[in-house]
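Hello,

Here is the model I said I would pass on. My notes follow below it.

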Amino acid sequence: EIFLMMLLPGLDLLRLLFVRILKNRHPFSADRNHIHHILLRKFGYIKTLLIISALIIVPNYLSILYGYTEYFIILTLFIYSYIILKFNK
């Protein structure tokens with residue numbers, strides 16, 4: 001369950017690391033490409049808070065309830081990828 005809790009921030013960190021390197025920028029430079037910035041631009045504070053909370057809480061709850069942690073990791077990866085591709089324009 002701890003891995004699932006840290007999956008979203010970890011994915012965001014890795015994604016930004018590779019994007020910055022591909023754009024010939026320092027990997028630790030600041031920008032507004034984190035998932036919360038993308039969602040804030042599109043939805044506002046409250047909806048962003050709810051979306052990110054749901055992306056962390058729902059897979060963890062289902063994993064505790066049903067087991068099969070790997071399926072919920074894949075689901076979280078899919079939803080994260082969808083958000084990045086859909087709203088990062």
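Which residues have the most contacts inside the largest nonpolar core? They are L8, I35 and Y80, in a core of 14 residues; such a core is a set of buried Ala, Val, Leu, Ile, Met, Phe, Trp, Tyr and Cys residues joined through side-chain atoms within 4.5 Å. At least two core residues come from each of helix 1 (2-22), helix 2 (35-43), helix 3 and helix 4, and helix 4 gives the most, with 5. Helices here are DSSP runs (H or I, at least four residues), numbered from the N terminus.

A word on provenance: this is a predicted model, where local features need pLDDT of at least 70 and side-chain atom pairs pLDDT 80 or more, while totals for chains, interfaces and linings use all residues. Residues are numbered from 1 along each chain as its sequence is written, and side-chain values use heavy atoms, without hydrogens and water.

Y80 sits in helix 4 and counts as buried because its relative accessible area is 5% (buried is under 20%, exposed over 50%, partly exposed in between; 1.4 Å probe, protein chains only). Beyond four places in sequence, Y80 is in contact (heavy atoms within 4.5 Å) with L8, L11, D12, R15 and I35.

Out on the surface, Y66 belongs to helix 3 and is exposed, because its relative accessibility is 54%.

Happy browsing, and do write back with your thoughts!
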